[in-house]
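Subject: Structure for you to look at

Hello,

I am passing on a structure and some notes on what was found in it. Please open it first and keep it beside the text as you read.

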Amino acid sequence: MGEHVIKLPDVGEGVAEAELVEWHVKVGDLVREDTVLAAVMTDKATVEIPSPVDGEILWLGAEIGDTVAIGSPIVRLKVAGEGNVKTNIGGGDAPKPEAPAKPAEPKAEPQPSSPKPAPKPADPPAQISPAAAPRAARPSVSGAPRAEGEKPLASPAVRLRAKEAGIDLRQVPGSGPAGRISHEDIDAFVARGPQLARATGLARKDGVEDIKVVGLRRKIAEKMSLAKSRIPHITYVEEIDVTALEELRATLNKEKRGDRPKLTLLPFLMRAMVKAIAEQPNLNALFDDDAGIIHQHEGIHIGIAAQTPNGLVVPVVKHAEARDLWDCATEVNRLADAAKAGTASREELSGSTITITSLGAMGGVATTPVINYPEVAIIGVNKIMVRPVWDGTQFIPRKMMNLSSSFDHRVIDGWDAAVFVQRIKALLETPALIFVD
């Protein structure tokens, strides 16, 4: 038998290190060639690390959340044959702890055979609060809180103690005859906390779970912090009447060919943004604030912020200026599916020049979108609601939606932001304009 050490391979993208986000095995596991051992994250792409050999896991060289350099040993296996190391390789002091790990399992079995009936009695009392033990000994406990004006039974000493402690005896359950309150009842009441006496049946919870922020969640946290710390946001909210747009969308979906996707509002918004950006190209840009340079792009690459089971990602519809309505819809659907399945490539998750964020039906009335750094603008879609609108003679029901949009105020003035959003509003409220060159 020999040992085989697996090092973190070059996962591409020119990175020198990657974050370990998941172990699929543990020490002692038997694995076969191609068994997935771990997952690492680079930027926003997750890469699985397979085993190149059959063997037994002896050592895992990192913990979830650790950043590991490419080429660093991450797994050691016991394999048939000589393996790829003769003895311990550098940094191999960790495997030794694993050796005792095996004997430890057998040790666990003999223990049950050494009969000690102590565990049983220990169980119940250990889990029961101090107040419960006396309660078990006394079958009846009067209900609390008592009605206003009711005087609970208690000795003068108990009353004096309650008064000095600021305890309202009407809130204290009594375990004595006819609900008489004893010193033990006071002790139990204090141990539980006064507020629990009123919330009969509710249990207080004091546990705290520490959850390490790793993987995509850490990337999101870093990106949001970077955006908010470096970009002075200005957020502009405008109400848009999308009644005509919704009628057009319903008609197009009804008449669509079988090979075309169902249209949502997003493709219309993307086309409206393309037209508005043609008039204000400074909105389609990245700001390199270290160099003091604005990179204004001709190609319009629209990021679509999408919620996935693992967290927020932003797949990018490249060259929206060259796509028609149906093509935009097709690409949005394809990227959304890939993002949710975790198969979107790094290229599909990067390169945006402006971003749309939407929470769909959960979109609320208004939001304060965080700019996708280093872009200069983000368009936030809020949910569509039917609202009464005054047409000059009467209130009529209209489908209304707010756009909440944020801009980098260092390079985009409030006036320019307003002009941009008003142009999008005009296009969406008269959707035929979207299709007029």
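Two strands are said to pair if DSSP finds at least two bridges between them. With that in hand, look at H4, whose bridge partner in strand 8 is L77. The model is a predicted one, and everything below should be read with that in mind.

Strand 1 covers residues 2-7 and strand 8 covers residues 73-79. The two run antiparallel to each other and are joined by six bridges. They belong to an open sheet of four strands, with the order 1-8-6-3 and antiparallel pairing. Strand 1 and strand 3 (30-31) are its edges, each pairing on one side only. As a general point, strands of a sheet pair through backbone hydrogen bonds, in either a parallel or an antiparallel way.

Is strand 1 largely enclosed or largely open? Buried means under 20% relative accessible area. Five of the six residues of strand 1 are buried, so the strand is largely enclosed by the rest of the structure.

In soluble globular proteins, nonpolar side chains tend to be buried together. Here the largest nonpolar core has 45 residues, and those with the most contacts inside it are L269, I302, I356, F420, I424 and L428. Several elements supply at least two residues each, among them strand 10 (285-288), strand 18 (395-408) and helix 12 (414-429). Helix 10 gives the most, with 10 residues. Apart from this core lies another, of 20 residues, including V11, L37, I49 and I57.

Leaving aside neighbours within four places in sequence, I302 is in contact with M270, M273, P315, V316, V317, A320, I354 and I356.

The largest pocket

The largest pocket has a volume of about 970 Å³. Its lining is made up of 39 residues, and A305, T357, S358, L359 and G360 lie nearest the centre. Elements giving two or more residues to the lining include helix 8 (215-230), helix 10 (265-279), strand 12 (302-308) and helix 11 (325-341). Strand 15 (354-358) and strand 16 (377-381) are also among them. Which classes of residue line the pocket? There are 21 nonpolar, 13 polar and five charged residues in the lining.

Backbone details in the loops

The peptide bond from Y373 to P374 is cis, with omega near 5 degrees. P374 is found in the loop between strand 15 and strand 16.

D34 is not a glycine, yet it has a positive phi of about 80 degrees. D34 sits in the loop between strand 3 and strand 4 (36-42). Is D34 buried or exposed? Exposed means over 50% relative accessible area. D34 has 57% relative accessibility, so it counts as exposed.

H319 is another residue other than glycine with a positive phi, near 50 degrees. H319 lies in the loop between strand 14 (316-317) and helix 11. With a relative accessible area of 39%, H319 is partly exposed.

Regards

Key: Residues numbered from 1 in each chain as written. Predicted model: local features only at pLDDT ≥ 70, side-chain atom pairs only at ≥ 80, totals over all residues. Heavy atoms only, no water. Buried < 20%, exposed > 50% of the residue type's maximum accessible area, 1.4 Å probe, protein only. 1 Å grid on protein atoms, 1.4 Å probe; cavity = no way out; pocket = protein on both sides within 12 Å on 5 of 7 lines; lining within 4 Å. Points joined across faces, edges and corners; volume = space filled by probe spheres on them. Nonpolar A, V, L, I, M, F, W, Y, C, P; charged D, E, K, R; others polar. Core = buried A, V, L, I, M, F, W, Y, C linked by side-chain atoms within 4.5 Å. Contact = heavy atoms within 4.5 Å.
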